[in-house]
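Open the model in your viewer and keep the sequence panel beside it. This tour tells you what to select at each stop and what is there.

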Amino acid sequence: MGTINVTAENIFPIIKKFLYSDHEIFLRELISNATDATLKLRALAEFGEIPIEQLGNPKIEIKINKEKNTLHILDQGIGMTEEEIEKYINQIAFSGASEFLNKYKNQTDTTHGMIGHFGLGFYSSFMVSDKVEIFSQSYKKEFPAVHWSCDGSPQFSLEIQDKKEHGTEIVLHINEDSKEFLEESRILELLNKYCKFMPIPIKFGERETTKKISEDKESTIKIDNIINDTTPAWTKQPSTLVEDDYQKFYRVLYPSQFEDPLFWIHLNIDHPFHLTGILFFPKLKNHIEIQKDKIQLYQNQVFVTDNVENIVPEFLHLLRGVIDSPDIPLNVSRSYLQSDASVKKISGYITRKVADKLESIFKNDRKDFERKWEDIKIIIEYGMLSEAKFFDRVKKIALYPNTEGIFYTFDEFTEKIKEIQTEKNGKCVYLYASNKEAQHSSIQSAKEKGYEVILLDSPLAPHLIQKLEEEYKDVSFSRVDSDHIDNIIKKEENIISKLSENEKKELKKLLESNIDKHKFTINLENLNSKVSPFIITIPELMRRMKEIRQMSGRGMLGIPEGYNLVVNINHELIQRILSESDEVRKKQLIEKSMELALISQNLLHGERLSQFVSRSFNELIEK
Ligand code: ADP
Ligand code: MG
C-alpha cells in the first residue's frame with residue numbers, strides 16, 4: 001500500500017472531467033506506452049544487452065472482457081520492476097499529469113485549440129475507468145512480477161506476483177459513463193483512427209483465412225487480426241518505392257476516395273528538424289469541396305490530429321496525406337504554435353518542397369504540367385497570393401491559357417503580346433476573359449485586331465490580377481468586355497468624327513431621353529465605322545471591386561451600379577437615327593439598337609427579351 005502524493009486528491013476528478021470530448025485518447029496513450037516499451041526492448045537487443053531470442057516477435061494485444069467490464073492492453077516490452085512502477089507510475093507519470101493539468105486547468109478555451117494532448121499519458125486511463133491495474137514483469141528476470149492497482153483515490157496497492165513472461169498488461173475497469181469502450185466496433189474505430197500506422201503489430205481478436213494444407217485441400221484457420229501497417233509508405237526511403245506504392249498508400253489513408261491523386265511529394269528531412277511524410281495533390285477543379293479527407297499529423301507513427309493549422313501553410317490545406325514529426329510541440333495551444341521557431345521552419349520547408357516539385361514537373365514534362373494545371377491552379381494561385389516566397393518561386397511557371405487553350409507562362413505571354421498590345425503610354429495590356437461563352441463577342445473583336453486573350457476563370461482571378469499588377473508595374477489587366485477594344489488598348493490612330501459638334505449634342509440629348517440614365521453612362525466615341533454602333537461595357541475597376549467584395553462576403557454598398565454605353569458615332573446607323581423624321585420610328589431604332597447591344601453581352605433578360613423576340617418575329621412577317 002502507498003499514497004501517491006498529497007496533492008493528488010484533487011487531480012483525479014479533474015482528469016475524469018478533463019477534455020470531455022477527448023476521452024477516447026486514453027487508448028492512444030496506453031498503446032503508445034506499450035509501443036515505447038517494446039521499442040525499448042528492441043533497442044536493448046540491437047545494442048546486444050539482451051539476447052535476440054528474448055525479443056521474439058513482439059506484438060501488442062487489445063482485449064475486451066464484457067462480463068467483467070474490463071479492457072486490456074498487453075505488451076511484450078521491457079516491463080517494469082516494483083521500483084520502476086514506484087518511480088515511473090507513482091511519481092513521474094503522476095508529476096507529468098499534474099504538471100499538465102496545472103498548466104491547462106485555467107485555460108478552458110485554449111484547451112480546445114490544443115494540438116494533441118500528449119502529456120497526460122498513463123493517467124488519462126482514469127478518464128474512463130473506476131479502477132486501473134498494472135501487471136508487469138521486467139525483462140530483467142531476476143526481478144519479480146508486480147501488480148499495481150488504483151481505484152482513482154490517491155491510495156494504491158503494489159504487490160509481488162508470480163513470474164510470467166516479460167511485458168505489461170494494463171487492465172481498465174471501465175466506468176459506468178464509458179461503456180462505449182467495451183464495444184468492439186468503438187475500439188476498432190479508435191484503433192483505425194489513432195493506431196493504423198503504429199510501428200508494433202497490434203492484435204485485436206482473430207480472423208479466419210484459408211490455408212493450403214495439401215495440393216488440393218484448403219482449410220480454414222484462425223489468425224491474429226492485426227489492425228495496423230507497421231511500415232507505412234512515408235517511413236520508407238523514397239528510392240525504395242514505386243508509383244503503385246504511393247497509390248496504394250493513398251487508398252489506405254482515404255478509403256472513400258475513388259480518384260487517383262495527381263502527384264505527390266515525399267518529405268524526408270533530418271536537419272534542422274525531423275520530418276517525414278507524403279503530400280498528395282488531389283484533383284480539385286474550380287470548386288473547393290467540403291473537406292473531410294485532410295492532411296493527417298502523426299508523431300512517430302501515432303495519429304495526433306487532422307487539424308494542421310499553423311503547421312502546414314494555409315494554401316496547402318487542400319492537399320492530402322501525412323506529416324510525421326516529433327519536433328512539433330503537442331501540448332501547447334495553437335496560438336503558441338504560430339510563433340514557435342521550429343514550426344515556422346517546418347512550414348517553410350513544406351512550401352519549398354512543394355515549389356521544388358512543381359518546378360520539376362514543369363521542367364521535365366511541360367505537357368504533363370499543362371494537363372494538370374486546371375486541377376492544381378487553385379492551390380498555386382492561393383499560394384501566390386498568400387506566401388511571398390512561394391510567389392517568387394512559381395511566378396515563372398504559373399500558366400495562363402489563352403482562349404484557344406494554348407498555355408503561356410507570364411513571360412512567354414508578355415513576349416508574345418508586347419509588340420502589338422502595348423499602348424502609346426508604354427503599358428502592356430493583358431486582355432482576359434472570365435467566361436469564353438458569355439464574353440464571346442468581345443473576345444471576337446479583340447481577335448480581329450490580332451490581340452490575344454487569356455482565360456482567367458478561377459475564383460481567385462480578381463485577386464491574382466491585383467497582385468500581378470503590383471508585381472509588374474508596366475502591365476495592366478483588362479477584361480475584354482470592360483470597354484470597346486479600341487478604348488482598352490489605345491493606339492495613336494486618330495479617326496475623324498463624322499458628326500459635327502451640334503449633331504453630337506443632338507444625339508446625346510436624344511439618347512438620354514430614351515435610355516435609362518441611372519443604369520447607362522453614355523459615351524460618344526469616334527471609332528472605326530465598322531465597329532458596332534452601340535456597345536455595352538462594365539468598367540474594369542468597378543467590376544473588379546465588386547468581384548473582390550463579393551468573394552470576401554462584404555456588401556456592395558458604395559459601389560455604383562451600372563454600365564457604360566459606348567456609341568460609335570461613325571457608324572452608319574447613327575446618321576440614320578439622326579435623320580429619321582418619324583419620331584416613333586426613331587425611338588424604335590434606338591430601342592432595337594440597345595437590345596442588340598444587350599444581347600451581344602448576354603444582358604438581355606426577362607420581359608425585355610420576350611418583347612424583343614416577338615417583335616422581331618412580327619417584323620419578319622411585315623417585310
Ligand atoms: P510518458 O509516456 O510520456 O513517459 P506516461 O504517463 O504515458 O508518460 O508513462 C509514464 C512512464 O511509465 C513511461 O515513461 C514508462 O517509463 C512507464 N510505462 C508506462 N506504460 C508502460 C508499459 N506498458 N511498459 C513499460 N513501462 C511503461
Ligand atoms: Mg506515454
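Two strands pair if DSSP finds at least two bridges between them. Helices (H or I, at least four residues) and strands (E, at least two) are DSSP runs, numbered from the N terminus. This is a predicted model, in which local features need pLDDT of at least 70 and side-chain atom pairs count only at pLDDT 80 or more, while totals for chains, interfaces and linings use all residues. Residues are numbered from 1 along each chain as its sequence is written, chains are lettered from A and ligands numbered from 1 in the order in which they are written, and side-chain values use heavy atoms, with hydrogens and water left out.

**Whole chain**

Show the cartoon. The protein chain has 19 helices and 22 strands. Of its 623 residues, 49% count as buried. Buried means under 20% relative accessible area, exposed over 50%, partly exposed in between (1.4 Å probe, protein chains only). Contact means heavy atoms within 4.5 Å. Among contacts in the chain with a separation of 6 or more, 70% come from residues 24 or more positions apart.

Select β17 (residues 428–433), then β18 (453–455) and β19 (475–479). They form an open sheet in the order β18-β17-β19, with parallel pairing. β18 and β19 are the edges; each has a single partner strand, so one side of each lacks a neighbour in the sheet. Neighbouring strands are turned by 40 degrees against each other on average, direction ignored. Axes are lines fitted to C-alpha atoms, for helices over the stretch in contact, and angles run from 0 to 180 degrees between N-to-C directions.

Zoom in on β17 and β18. Three bridges pair them in the parallel sense. Ala-433 stands opposite Leu-455 in β18.

**A helix pair**

Select α2 (residues 25–46) and α5 (residues 184–194). They pack at an angle of about 60 degrees, with axes 10 Å apart. Which residues in α2 and α5 meet? Ile-25, Leu-27, Arg-28 and Ile-31 in α2 meet Ile-187, Leu-190, Leu-191 and Tyr-194 in α5. Seven residues of this contact are nonpolar, none is polar and one is charged. Here Ala, Val, Leu, Ile, Met, Phe, Trp, Tyr, Cys and Pro count as nonpolar, Asp, Glu, Lys and Arg as charged, and the others, Gly among them, as polar.

Go to His-271 and Pro-272. A cis peptide bond joins them, with omega about 5 degrees. Pro-272 sits in the loop between β10 (263–269) and β11 (275–281).

Next, Gln-301, in the loop between β12 (295–299) and β13 (302–305). Its phi is positive, about 70 degrees, although Gln-301 is not a glycine. Gln-301 is buried, at 13% relative accessibility.

Then Asn-310, in the loop between β13 and β14 (320–324). Asn-310 also has a positive phi of about 70 degrees. Is Asn-310 buried or partly exposed? Asn-310 is partly exposed, with a relative accessible area of 23%.

**Last stop**

Select Leu-337 in helix α7 (residues 334–339). Leu-337 is buried, at 0% relative accessible area. Its C-alpha atom is 7.9 Å from that of Ile-311, 26 residues apart along the chain.
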